[in-house]
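Please read it alongside the sequence and the coordinates.

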Amino acid sequence: MTSRERVIAAIEFKGPDRIPIHHFAFPGAFWRHGQKLVELLNEKFPDDFGSRFSIPPEPESDELLIRYTDEWGSEWVMRRGYTAGEVKKPAIDDWSKWKDYKFPPLPPESHFESLRARIEENGHQFYVLGSGGTLFERMQWLRGPENLFMDLAEDREELHELADRLVDWNINLITRYIKAGVDGISFADDWGAQDRLLISPKKWREFFKPRYKRMFEVVKDAGKHVFFHTDGWTVDIWDDFIEIGVDVLNPQHCLVPKPILEQKLAGRICIRSDLDRQHILPFGTPEQVREHVKETIALFGRFNGGLILHGEIGPDVPWENIVAMLEAFHEFGKYPLSWLE
């Protein structure tokens, strides 16, 4: 099986030869572990999405907190070694700025041409994802979280306009990625706190669900897969995501009791795992990491597919745990899962 065939078989529950793997590592992880992490991810344990890594340049400043302004005009503070941070001055902090606010341009056509060329160059051996952007998070970054929650409570007309313009912008982005030849489109919005949804499920269904559905339909009509990443406790809306077409869900499943995961997710939708990055990956032993991988496979991977293995590598994850995780992916992820019998 090629990597692409393996991922598709896992998503569609059609019997991959092993559980596919998808890597992600923060810049700080590369600064901590250096070239040996690059070689581990690129050469010894390459993933099934064609990911290629190098050591990113370190900021010139040694300051712990880095300040920058994004292309949408919002000012951020980011912790050194990570990739986002927290908005300190949103671009539309007052609705008086909305009338004249201009969205940034889409990526240039050369970006999509380069992606198309890379797909053709490797014979489409890997599963390729395009971006569908964000909705809820972009609204937070443009308005600021406090403002946004008040806007939702007041059901402001401007907020509907902003959301619809964002959906249109995202659909234009999605369309270009589809034309470039990607296999799936990845969306991301963190919808949960540690123990509850950030807004009421009723409000989510009224305001956000139809807009997600509109974006997902573009992907599904093109015969592509929908990936959705969302952190926190999001149990309340899992059924909704399945209903409107999500094929691969990346929830923070370590927050949720096993019986709920078995009832709501296992065997119903493909899961891109989110191994415990709050406790086990950074602070556990290598053996605990191995057992955590086995438990995740036993929960989600026993349905002739249904699982993509992923564990976020942050700057706080020790080398021994990174190696243990990746070795366990390969040791326990081969089908049939005879060690489960």
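The model is predicted. The buried residues of helix H12 pack against helix H10 (258-264), strand E8 (270-272), helix H11 (280-283), strand E9 (307-308) and helix H13 (319-332). Two of these partners, E8 and E9, belong to an open sheet of six strands.

**Helix H12**
- H12 comprises 15 residues, 286-300, and spans 21 Å from first to last C-alpha, close to the 21 Å expected at 1.5 Å a residue.
- Its buried residues are Val 289, His 292, Val 293, Thr 296, Ile 297, Leu 299 and Phe 300.
- These residues lie on the same side of H12, because they cover an arc of only 165° around the axis.

**Six-stranded sheet**
- The strand order is E4-E5-E6-E7-E8-E9, with parallel pairing.
- Strand E4 (129-131) and E9 are the edge strands, and each pairs on one side only.
- Five bridges link strand E5 (residues 184-188) to strand E6 (residues 225-230) in the parallel sense.
- Ser 186 has Phe 227 in E6 as its bridge partner.

**Three-stranded sheet**
- A separate entry is the open, antiparallel sheet of three strands in the order E1-E2-E3.
- Strand E1 (65-69) and strand E3 (86-89) are at the edges with a single partner strand each, so one side of each has no neighbour in the sheet.
- On average, neighbouring strands of this sheet are turned by 35° against each other, direction ignored.
- E1 and strand E2 (residues 75-79) run antiparallel and are joined by five bridges.
- Tyr 68 is opposite Trp 76 in E2.

How values were computed: Residues are numbered from 1 along each chain as its sequence is written. This is a predicted model: local features need pLDDT of at least 70, side-chain atom pairs count only at pLDDT 80 or more; totals for chains, interfaces and linings use all residues. Side-chain values use heavy atoms; hydrogens and water are left out. Helices (H or I, at least four residues) and strands (E, at least two) are DSSP runs, numbered from the N terminus. The expected span of a helix is 1.5 Å times one less than its number of residues. Buried means under 20% relative accessible area, exposed over 50%, partly exposed in between (1.4 Å probe, protein chains only). The arc is that of the directions from the helix axis to the C-beta atoms. Contact means heavy atoms within 4.5 Å. Two strands pair if DSSP finds at least two bridges between them. Axes are lines fitted to C-alpha atoms, for helices over the stretch in contact, and angles run from 0 to 180 degrees between N-to-C directions.
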